[in-house]
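Please read the following account with the sequence and the coordinates side by side.

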Amino acid sequence: NLEPIAKEAERRGYKTTFTQNIEQKADIGIYCQHLCYPENSKFSVILLHDMTQGHNRWPNIWCAEHWNKFDVGIVPGKLWASLWSQCACQYYANPRYGTYELGYPKSDLADSIVLEQYAQKLRSEFNLKYSFSVLYAPSWEYDEKEDDFIRALATLNVNLLIKQADWSDSYSHIKENIIHMRTMHENKYDNVYYIETKENIMAALKLCDVVVSDESSVMIEALMFRKPSIAVIDWLIPDTIPSRRAIMPVDCVIKCKRVELREYVEKLFTDSSYYHSILQKGSQFFSNQGHVCQDIMDAIEYFTNKKADDGFL
C-alpha cells in the first residue's frame, strides 16, 4: 500500500525505510495500521490500508483509530471523504494540518506500463488456456472455500486464478489451510493456475476479468481496473467464535450465495456489461488516480516547508 509513495519519495531524493517496528523513529513517518505511534516521527501521515476498514463502525472509524496525533490524514475517494466529514466535529478525527482526499496510492499503478508489461509476462508464463479469467482472492482461506470455487467453475471455459494472501506465521492455521487447498487442487485441472502468495495483488487484478472473494477489500480494488467482483456472502469468516458470514458493506460488489456462484460468473462471462451500473458506483472510492503519490509528496513537502507549491490543495 505504501510502496508507491516510497518510490515517489526516492525519486525526489529521500531515503526510505520499511520496518515492522511500529515505534521506529523517523523524520517523516507514513502509517496505515490500526494502532500507530506517530509521536516517534517529526512529521506524520496516516492513510487507510483497507477500503472497507472498520466497516462495523461506519461512519466513525475514528472513535477507535484516532487521527488527531498525526500531522496529515489522507482518504482515498469521495465515499471516505464523506465518512470523515460526518465525524469531523470530533477532535480525534482531525490531524493537525487537515485530512485530504488525495486518493489511494496503489491506484497510481493500475494503468501503468510497468504493471501491464509484468502482467503480460505472467500471462505468457502461465500459458493461460482461455481468454477469460476469474480470480479467487479470499480474505481468509477457511472451510474449504477454494474447493467450493474450483468445483463450481472448473468446467467453464475460463481460467481460474488462485491468489491467497501472504499470511504471517502467527496465523499458522490459515497458512495450513492454504497449503492443504493447493495440494488438493494443483495440477489436477488444466485451467487452474496458482499465483504465489508473495506476488503483488495488483498483478493478479491486472490479469483477471472478474474477482471472487468473501469480504476482501481486493474486490473494491478491482474497481481501479474497472472490473467487477462477486462476494459470496455465505462463506464463513473465522475471526469470531463461532465463525460469521462474510460482510460486504458497499453496493458496488455483486453479492450471491455459494450455490449461485456459477450462475453469476456465467452472466459476466457471456455479457461483461451485465453489471455496468454496479461498476459505475465504484467511482466513489478512488479519486485522483494516476497523481496520488505525487500529490501526497507535494503535501508532505508543503507542510514541512520544503516546497511552496500548494497545488495539491
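The structure holds zero disulfides, a disulfide being counted where two cysteine sulfur atoms lie within 2.5 Å. C32 is in no such pair, and the cysteine sulfur nearest to its own, that of C36, is 7.6 Å away. The sulfur of C293 has its closest cysteine sulfur in C32, at 12 Å, which is too far for a bond. C32 is buried at 13% relative accessibility, and C293 is buried as well, with a relative accessible area of 4%; here buried means under 20% relative accessible area, exposed means over 50%, and partly exposed covers the range in between, with a 1.4 Å probe and protein chains only.

This is a predicted model, in which local features need pLDDT of at least 70 and side-chain atom pairs count only at pLDDT 80 or more, whereas totals for chains, interfaces and linings use all residues. Residues are numbered from 1 along each chain as its sequence is written, and side-chain values use heavy atoms, with hydrogens and water left out.

How many salt bridges are there? The count comes to 25, under the rule that a side-chain nitrogen of Lys or Arg lies within 4 Å of a carboxyl oxygen of Asp or Glu. One of them joins D71 to R96, with the closest N and O atoms 3.1 Å apart. D71 lies in the loop between strand 2 and strand 3, and R96 in the loop between helix 2 (78-87) and strand 4 (99-100), so the pair ties together parts that are 25 residues apart in sequence. Helices (H or I, at least four residues) and strands (E, at least two) are DSSP runs, numbered from the N terminus. Within this pair D71 is buried, with a relative accessible area of 7%, while R96 is exposed at 53%.

A further salt bridge is formed by the side chains of D169 and K175, at 2.8 Å from N to O; D169 is exposed, with a relative accessible area of 61%, and K175 is partly exposed at 29%. The side chains of D239 and R244 also meet in a salt bridge, at 2.9 Å from N to O, and D239 is partly exposed, with a relative accessible area of 39%. Salt bridges that share partners join E8, R11, R12, D298, E301 and K307 into one network.

The backbone deserves a look too. The peptide bond from W58 to P59 is cis, with omega near 5°, and P59 sits in the loop between strand 2 (41-46) and strand 3 (72-74). The bond from I241 to P242 is likewise cis, with omega near -5°, and P242 belongs to the loop between strand 10 (236-237) and strand 11 (244-245). N288, although not a glycine, has a positive phi of about 65°, and this residue lies in the loop between helix 9 (276-280) and helix 10 (292-303).

Finally, consider S217, in the loop between strand 8 (210-213) and helix 7 (218-221). S217 is buried at 9% relative accessibility. Leaving aside neighbours within four places in sequence, S217 is in contact (heavy atoms within 4.5 Å) with D50, M51 and T52. A polar atom of the S217 side chain lies 3.0 Å from the backbone nitrogen of M51. S217 and H49 are 168 residues apart in sequence, yet 9.3 Å apart in space, C-alpha to C-alpha.

Technical notes:
Polar contact = N/O pair within 3.5 Å; in protein donor to acceptor, adjacent residues only side chain to side chain.
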